[in-house]
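Please keep the sequence and the model open side by side while going through the points.

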Amino acid sequence: MTRNDSNYAVSPQRRDELLGKVVDIIARYKLYAPASIFFSMGKPLAFLGSQLMFFFAPVAGLFVDEDSLEEYAHLLSDRANVERLLEMIEERERQQE
């Protein structure tokens with residue numbers, strides 16, 4: 001599986017849907033600042049995190065949806081998606097103010 005393989009690519013619509021779920025959880029608990037700091041600091045390690053998610057997906061599939069987990073792993077493998085997540089967090093925070 002390569003990052004640019006079209007069979008494993010997540011469409012922009014699906015990307016925004018998945019990231020929107022993360023933003024919904026952050027908004028529910030009003031954790032905008034901690035989440036922004038966490039994702040900003042973790043941006044250099046996002047690819048490593050995605051590879052760990054792929055590695056543990058078979059075991060984690062016993063507890064969560066394995067397909068969704070792999071989609072999130074594909075998202076994390078590209079730093080641009082982490083940046084998109086940060087933008088969505090900031091946008092939601094402005095909307096709620």
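Which residues in α1 meet which residues in α4?

1. Before turning to that question, please bear in mind that this is a predicted model, and that every value below should be read as computed from it. On the α1 side the contact is made by R14, R15, L18, L19, K21 and V22, and these meet S68, E71, Y72 and L75 in α4. Sorted by class, the residues of this contact divide into five nonpolar, one polar and four charged.

2. Please turn next to α1, which covers residues 12–28, and α5, which covers residues 79–96, where the axes come within 10 Å and cross at roughly 50°. These two helices are therefore oblique to each other, and α1 passes α5 in a right-handed crossing.

3. In the contact between these two helices, R15, D16, L19, G20, V22, V23, D24, I26 and A27 in α1 meet N81, R84, L85, M88, I89, R92 and Q96 in α5. By class, this contact of α1 with α5 has eight nonpolar, three polar and five charged residues.

4. With α2, the axis of α1 comes within 8 Å, and the two axes cross at roughly 135°, which makes α1 oblique to α2. Here V22, I26 and A27 in α1 meet Y32, A35 and F39 in α2, and the residues of the contact divide into six nonpolar, no polar and no charged.

5. Finally, where is the largest pocket lined, and by which elements? About 360 Å³ of space lies in this pocket, and of the 16 residues that line it, the closest to its centre are F38, F39, A46, L76 and V82. The elements that give two or more residues to the lining are α1, α2 (32–42), α3 (46–60), α4 (66–76) and α5, and α4 gives the most, with four residues.

6. The class make-up of that lining can be set beside the contacts described above: the lining of the largest pocket has 13 nonpolar, two polar and one charged residues.

Technical notes
Residues are numbered from 1 along each chain as its sequence is written. This is a predicted model: local features need pLDDT of at least 70, side-chain atom pairs count only at pLDDT 80 or more; totals for chains, interfaces and linings use all residues. Side-chain values use heavy atoms; hydrogens and water are left out. Axes are lines fitted to C-alpha atoms, for helices over the stretch in contact, and angles run from 0 to 180 degrees between N-to-C directions. Angles under 35 degrees count as roughly parallel, over 145 as roughly antiparallel, 65 to 115 as roughly perpendicular and the rest as oblique. A crossing is left-handed if the near helix is turned anticlockwise from the far one by less than a right angle, and right-handed if clockwise. Contact means heavy atoms within 4.5 Å. Ala, Val, Leu, Ile, Met, Phe, Trp, Tyr, Cys and Pro count as nonpolar, Asp, Glu, Lys and Arg as charged, and the others, Gly among them, as polar. On a 1 Å grid over the protein atoms alone, a cavity is a set of points where a 1.4 Å probe fits but cannot get out, and a pocket is an open set with protein on both sides within 12 Å along at least five of seven lines; lining residues have an atom within 4 Å of a point. Grid points are joined across faces, edges and corners, and a volume is the space filled by probe spheres set on the points.
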